[in-house]
Amino acid sequence: MTADVTDPRRGELVERLRTDLTGFTVDAVNELLGPVAQAALGREQSLPARLAVARRLDEPLAALIAVFVLGLEVPARQLAAAVPSTGLDALAELGLVTRAGHDSGDPVRALVDLRPYATVDSLGPADWWLASDLSEVSTGQPLSEDHVLGVGGASLTLARSTIRRPTGRVLDLGTGCGIQALHAARHAKHVVATDISARALHLAQLNWELNQASGTIEGRRGSLLEPVTGEFFDQVVSNPPFVITPRSTPAAAFEYRDGGLVGDDLVRRLVESIGSVLAPGGVAQFLGNWEGRRGEGWTDRVTSWLEASGLDGWVVQREWQDPAEYAETWIRDSGQHLGKDADELYASWLDDFASRGVEGVGFGLITLRRPVSGEPRLRVVEERRSGPGLPWGDEVIATLERQDWLAGHDDDALLAAMLKVAADVTEERHHLPGAEDPTAILLRQGGGAGRVVQAGTALTGFVGASSGDIPVGRLIAALASLLEVDVQALRAELLSDVRNLVRDGLLEPTD
Ligand SMILES: C[S@@+](CC[C@H](N)C(=O)[O-])C[C@H]1O[C@@H](n2cnc3c(N)ncnc32)[C@H](O)[C@@H]1O
């Protein structure tokens with residue numbers, strides 16, 4: 001980019017570009033392309049979209065889509081008409097396009113992908129534009145090793161899972177095009193966004209300026225925690241380069257996905273070291289992959305990382321792939337087709353996994369919190385293969401609060417507490433045809449993790465009577481007398497189930 005951040009005219013150029021992009025919104029793009037072309041683009045097929053814009057290039061929106069979303073060359077006059085305030089010279093100065101000549105018919109093409117992004121989170125809606133590198137769908141070329149990724153599925157998953165509460169300092173580690181930092185700038189006083197890639201930071205800087213967040217976000221170049229050593233953050237968010245890649249192979253080391261370490265070592269290091277930059281009470285949320293090895297299943301492995309972190313820790317595994325599926329996924333991701341040409345690469349991935357006895361690779365969300373005081377007490381490692389997926393930011397907050405409540409209530413305190421059944425819980429009874437007594441009673445959670453808990457008669461009775469105004473101990477005593485069972489035995493039977501129902505949000509404390 002020639003108009004770099006120190007160029008005094010840059011602010012004005014970016015402001016003019018904002019004016020020109022006003023109508024370049026997600027809704028407008030969807031409407032112009034239509035659902036069929038949109039769906040095809042989702043499958044990385046651009047032909048229907050190319051046909052949809054081809055006859056309409058005199059319309060500013062179609063010209064912007066053609067150049068910046070589809071990577072097509074268009075005659076200069078058509079793009080110039082779409083950016084009347086900015087002009088083509090300024091677009092080139094900002095590093096967004098390159099021109100073959102200065103005649104109105106000379107072709108112009110994009111140097112970056114630039115597209116609208118719309119989101120709604122607990123802070124409300126936001127409409128932004130994001131620049132990143134052109135994808136292989138646009139260029140028809142394999143990705144370069146320093147490719148800067150646009151917003152992908154993992155970016156959206158992390159943004160959705162991030163806690164959105166007003167906070168002080170946030171670190172976005174591995175910012176890429178800057179998407180997580182932009183989200184964080186809506187609820188943080190200050191955001192530090194780091195990346196090892198100079199190109200990523202250039203593009204992120206443009207995105208923060210375009211979306212009027214550059215006053216809150218500070219970009220820093222460097223690896224992992226090195227750019228922030230000695231500092232403290234109230235919140236850390238990271239979609240790190242977690243992809244497990246064989247090190248002794250022809251596999252390209254894509255910066256956006258590969259941190260250059262063996263196996264899942266990058267994620268382990270992050271988990272074990274992030275406490276050094278977390279302020280007391282601070283929460284870090286990462287996406288990651290982890291290995292399950294012969295003799296060390298994924299839960300043992302990840303639990304040992306949590307132990308070493310010295311932090312409260314909660315890991316939710318969402319996906320599990322065997323070594324071959326995993327290798328195929330990431331070979332395809334880099335634009336290569338499986339088949340004879342990729343055999344060497346495929347085999348090297350399998351060899352790499354075999355060398356560590358890897359039986360499968362998990363994917364999910366890691367949440368870590370530095371206790372405000374005292375020792376860490378939260379250690380949850382769980383799997384959610386079905387249901388609504390990784391927790392939303394609000395669910396993360398609620399779960400941490402419930403864990404704190406449980407940790408602060410020993411059995412005596414729990415017996416004295418009052419609980420009420422959550423509003424989204426329903427009861428299902430399954431009967432054999434004609435039978436009076438149910439064969440199974442299920443408690444089903446409508447929201448949250450959508451849990452379904454099989455409950456016996458006593459637990460069902462307990463939950464049904466939990467209206468928030470009777471202490472747990474008295475309720476259990478009343479049930480024991482109704483069911484004609486020993487009260488001590490019923491207490492022993494129910495208390496751990498009740499704890500689990502509180503932990504999962506089916507029962508809510510009223511204090
Ligand atoms: C998967 S991308 C995430 C981009 C963006 N945060 C998102 O959510 O879409 C990972 C980013 O980490 C960066 N990265 C790679 N190795 C790194 C390292 N050692 N330290 C910091 N960042 C690194 C890459 O350049 C890339 O921008």
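Residues are numbered from 1 along each chain as its sequence is written, and side-chain values use heavy atoms, with hydrogens and water left out. Because the model is predicted, local features need pLDDT of at least 70 and side-chain atom pairs count only at pLDDT 80 or more, while totals for chains, interfaces and linings use all residues.

**Overall make-up**

The C-alpha trace of the chain spans about 95 × 55 × 50 Å along its principal axes. Of the 511 residues in the chain, 51% are buried. Buried stands for under 20% relative accessible area, exposed for over 50%, and partly exposed for values in between (1.4 Å probe, protein chains only). Among contacts in the chain with a separation of 6 or more, 68% are between residues 24 or more positions apart, where contact means heavy atoms within 4.5 Å.

**Domains and annotated spans**

The chain is divided into domain 1 (10–111), domain 2 (149–402) and domain 3 (409–509), with bounds from an automatic or database domain assignment. The centres of domain 2 and domain 3, taken over C-alpha atoms, are separated by 37 Å. Their contact takes 5 residues from domain 2 and 8 residues from domain 3. About 550 Å² is buried between domain 2 and domain 3, and carbon and sulfur atoms give 51% of this area. Buried area is the accessible area (1.4 Å probe) that two parts lose on being put together, summed over both.

Two features come from UniProt, in unreviewed entries. Their positions are in the numbering used here, their names are shortened, and the annotations may be inferred rather than shown by experiment.

| UniProt feature | Residues | Helix | Strand | Distance between end C-alpha atoms |
|---|---|---|---|---|
| domain: DUF7059 | residues 22–102 | 60% helix | 6% strand | 26 Å |
| domain: Methyltransferase small | residues 162–246 | 22% helix | 31% strand | 30 Å |

**Nonpolar cores**

A nonpolar core is a set of buried Ala, Val, Leu, Ile, Met, Phe, Trp, Tyr and Cys residues joined through side-chain atoms within 4.5 Å. The largest has 120 residues, of which Leu 33, Ile 65, Phe 68, Leu 79 and Ile 274 touch the most other members. Helix H4 (residues 60–69) gives the largest share of this core, 9 residues. Domain 1 (10–111) and domain 2 (149–402) both contribute residues, so this core lies between them. Apart from it lies another core of 28 residues, including Leu 443, Ala 480, Leu 495 and Val 502.

Leaving out residues up to four places away in sequence, Phe 68 touches Leu 79, Leu 91, Leu 96, Val 97, Ala 110, Val 112, Asp 113 and Leu 114.

**Strands**

In strand E12 (residues 358–369), 11 of the 12 residues are buried. E12 runs antiparallel to strand E10 (residues 278–293), joined by 11 bridges, and Trp 290 has Gly 362 of E12 as its bridge partner. E12 also pairs with strand E11 (residues 312–321) in the antiparallel sense over 9 bridges; pairing requires at least two DSSP bridges between the strands. Here Gly 313 has Leu 368 of E12 as its bridge partner.

Strand E15 (residues 425–430) contains Thr 426, which is partly exposed at a relative accessible area of 46%. Neighbours within four places aside, Thr 426 is in contact with Leu 442, Leu 443 and Arg 444. The C-alpha atoms of Thr 426 and Leu 506 are 9.6 Å apart, although these residues are 80 residues apart along the chain.

Notes:
Helices (H or I, at least four residues) and strands (E, at least two) are DSSP runs, numbered from the N terminus.
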